[in-house]
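Take a moment with the sequence and the structure below.

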Amino acid sequence: MKKELTRRQYTDLYYFMVLNRAVEDMMVKLFRQNKIVGGLYSSLGQEAISVGTAYALEKKDWLAPMIRNIGALLVKGVKPRDVFMQHMAKYDSPTKGKDGTSHFGDLDDLHIVSPISMLGDLIPVMTGVAIAGRYLGQKIVTMTWIGDGGSSTGVFHEGLNFAAAQKAPFVLILENNLWAYSTPVRKQVPLENLADRAKAYGIDSYIVDGNDVVAVYSTAKEAVECARAGEGPILIEAKTFRRQGHAQHDAAEYVPKEMRAHWEARDPIALYEKFLTNEKLLDAKGKKEIEEKINSLLAAEREFAENSPMPPPEFAETGVYCTGDDCHKIRAKWERPIAEVTPPRSSVKAVWTIPGFGSGKSSGGANAPIHFGDTQTAEPSVGKEAHSPNGKKPTAKTGTKSAPKKTVKAVSASASRKARR
Ligand SMILES: Cc1ncc(C[n+]2csc(CCOP(=O)(O)OP(=O)(O)O)c2C)c(N)n1
Ligand SMILES: [Mg+2]
C-alpha cells in the first residue's frame with residue numbers, strides 16, 4: 001500500500017470496510033435464526049473492492065450493485081436497517097417485503113439502480129444510464145460490478161462493446177474471486193488476466209490487487225475521472241478470493257485448503273489495519289472508537305429492522321398491475337422541453353450527416369445532421385442548409401466523421417497497476 005490519500009479518506013475507507021463486514025456478520029446471525037428470507041451471499045474478504053470502488057464515485061454518480069456489493073451500497077448512503085429489512089422481507093424495507101437480497105435501488109436520492117439476477121444485464125443498463133447522463137449534460141459516471149463467471153455471459157460482451165462504441169462514461173469492476181459457484185476460473189475462461197477481455201473492445205483496463213483497499217480506491221478514482229473526462233469506458237479487474245461458499249447453503253468443500261489458507265492470510269481489513277498502524281493513522285484507541293460506533297449503530301438498526309412488521313397478506317395483491325396514477329406516476333424526471341432537446345438548440349451538436357438524406361423534393365435539400373451524443377468535432381458544412389424539426393436553421397456543423405480524439409493510454413493491464421501493490 002502506498003501513502004497518498006488524506007487522513008479523512010483513510011479513515012472513511014477503514015470505517016466502511018469494518019461496517020461492511022459487521023453488517024454481513026450480523027446477517028449471518030439473522031440467517032441462522034431463520035429471520036432472513038431467501039439466500040444470503042457473503043462478500044467476506046472482498047470488502048476492499050466494494051468500498052474502494054464506490055468511494056471513488058461522486059454523489060451525483062450512479063451505481064448498480066451485484067450480490068457481493070453491500071459495501072458499495074453503504075458507501076453510497078444506504079442505511080444498514082434497509083439492508084437488514086430487505087433481507088428479512090419486512091414491510092418497511094425499500095421493496096416493502098416484495099423482494100429480497102440486494103434487489104432494491106433508489107433512483108431519486110442515492111442514484112442506485114436495482115440489480116436483477118441475470119448476470120451481466122446491468123452492463124448495458126448502466127451504459128444506458130451513462131449515455132443518458134451525458135445527453136443531459138450531467139457529467140456523471142456510472143459503475144457496476146461483474147464476477148469472473150459473469151464475465152463469460154453474452155451480455156457482458158454485448159454490453160461492453162455497446163459501452164465502448166458509445167464511449168460511455170462507465171466503469172466496470174470485474175471481481176475475479178476465482179470461483180463461480182463451484183467452477184474455478186481456470187475451467188471457464190482460458191485467460192490469465194480477465195482484464196484482457198477489454199482488448200476486444202478497444203478500451204482501457206487495469207488490474208489491481210482486490211485485497212489492497214488503497215490500490216483499489218486509487219485505481220478506481222483514476223478510471224472514474226478518465227471516464228468523466230470523456231475517454232470512454234474502463235474495465236478494472238480486481239483479483240481476490242471468495243472466502244465463503246456461493247451462499248450460506250454452500251460449505252465450499254471443493255476449495256483446496258491451501259488456497260483458502262493463502263487468501264485468509266491476506267485479509268483486506270487486517271492488511272489495511274497493519275498499514276494504518278505503521279503510518280500512524282490508526283491506534284488501538286481509534287480502532288476501539290470505530291468498533292464501538294459501528295456496534296451501537298448496528299444494534300439500533302437491527303432493533304428497528306426486527307420490530308418492523310411483515311407485510312400484511314392482502315398487500316400481496318397490490319402493485320401487481322399498474323393502475324396508472326393511482327399506482328405510480330410514470331413521469332420522466334429528466335424531461336426537458338422538446339425544443340430544448342431538438343437540434344439545433346440541444347447542447348449536443350450533430351456530428352455527421354447522411355448525404356442526400358433530407359434532400360428530397362419536399363425537403364429543404366440538405367444533408368441531415370445525425371444527432372447522437374458523440375461530440376467529436378466535425379468538418380464545417382458545405383453549401384446547403386440542413387433541416388431542423390422545429391423549422392429553425394440549425395447551427396450544427398455538418399461534414400464527415402472527424403479525426404479520432406487522442407488515444408487513451410493503452411493499459412496493458414498488469415503493467416501500469418502493479419506498482420501500486
Ligand atoms: C445469466 C445468468 N446465468 C446464471 C446465473 C446463476 N448464477 C448466479 S450467481 C452464479 C455464479 C456467479 O459467479 P461469478 O460471476 O464468478 O460471481 P461470484 O458469485 O463469484 O461473485 C451463477 C451461475 C445467473 N444469475 N444469471
Ligand atoms: Mg466469481
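A residue counts as buried when its relative accessible area is under 20%. Keep that cut-off in mind, and keep in mind that this is a predicted model.

Start with strand β2, which covers residues 142–147. Five of its six residues are buried, so the rest of the structure largely encloses β2. Which strands pair with it? On one side of the account stands strand β1, residues 62–64. Three bridges join β1 to β2, and the two run parallel. Find Leu 63 to see one of these pairings: its bridge partner in β2 is Met 143.

Strand β3, residues 170–176, also pairs with β2. Here six bridges join the strands, and again the run is parallel. Look for Ile 146, which stands opposite Leu 174 in β3. Now trace the chain between the two strands. Helix α6, residues 154–166, belongs with β2 and β3 to a β-α-β unit. That unit is right-handed.

Six bridges join β3 to β7, in parallel. Ile 173 marks the pairing, standing opposite Ile 236 in β7.

Asp 204 stands opposite Ile 234 in β7. The chain leaves β6, passes through helix α8 (residues 213–228) and reaches β7. This β-α-β crossover is right-handed.

Stay with β6 for one more residue. The strand spans residues 204–209, and Asp 209 lies in it. Is Asp 209 buried or exposed? Its relative accessibility is 12%. The cut-off for buried is under 20%, so Asp 209 counts as buried. Its side chain has a polar contact with the side chain of Arg 266, at 2.9 Å.

Now turn to the magnesium ion, ligand 2. Which protein atoms are its donors? They are Asp 148 (OD), Asn 177 (OD1) and Trp 179 (O), lying 2.1 to 2.2 Å from the ion. Along the chain, the donors follow the spacing D-x28-N-x1-W. Asp 148 and Trp 179 link distant parts of the chain, 31 residues apart. Asp 148 sits in the loop between β2 and α6. Trp 179 sits in strand β4, residues 179–180. Both Asp 148 and Trp 179 are buried.

At Ser 117, a backbone N or O atom lies 2.8 Å from a nitrogen atom of the ligand. At Asp 148, a polar side-chain atom lies 3.1 Å from an oxygen atom of ligand 1. At Trp 179, a backbone N or O atom lies 2.8 Å from an oxygen atom of ligand 1. How much of ligand 1 does the protein bury? Taken alone, ligand 1 exposes 580 Å², and the protein buries 70% of that.

Notes
Residues are numbered from 1 along each chain as its sequence is written. Chains are lettered from A and ligands numbered from 1 in the order in which they are written. This is a predicted model: local features need pLDDT of at least 70, side-chain atom pairs count only at pLDDT 80 or more; totals for chains, interfaces and linings use all residues. Side-chain values use heavy atoms; hydrogens and water are left out. Buried means under 20% relative accessible area, exposed over 50%, partly exposed in between (1.4 Å probe, protein chains only). Helices (H or I, at least four residues) and strands (E, at least two) are DSSP runs, numbered from the N terminus. Two strands pair if DSSP finds at least two bridges between them. A crossover is right-handed if, with the strands pointing away from the viewer, the path from the first strand over the helix to the second runs clockwise. Donors are N, O and S atoms within 2.8 Å of the metal (3.2 Å for Na, K and Ca); water is not among the atoms, so sites may look incomplete. A polar contact is a pair of N or O atoms within 3.5 Å; within protein, one must be able to donate a hydrogen and the other to accept it, and residues adjacent in sequence count only if both atoms are side-chain atoms. Accessible areas come from the Shrake-Rupley method with a 1.4 Å probe; for residues, only the protein chains shown count as cover.
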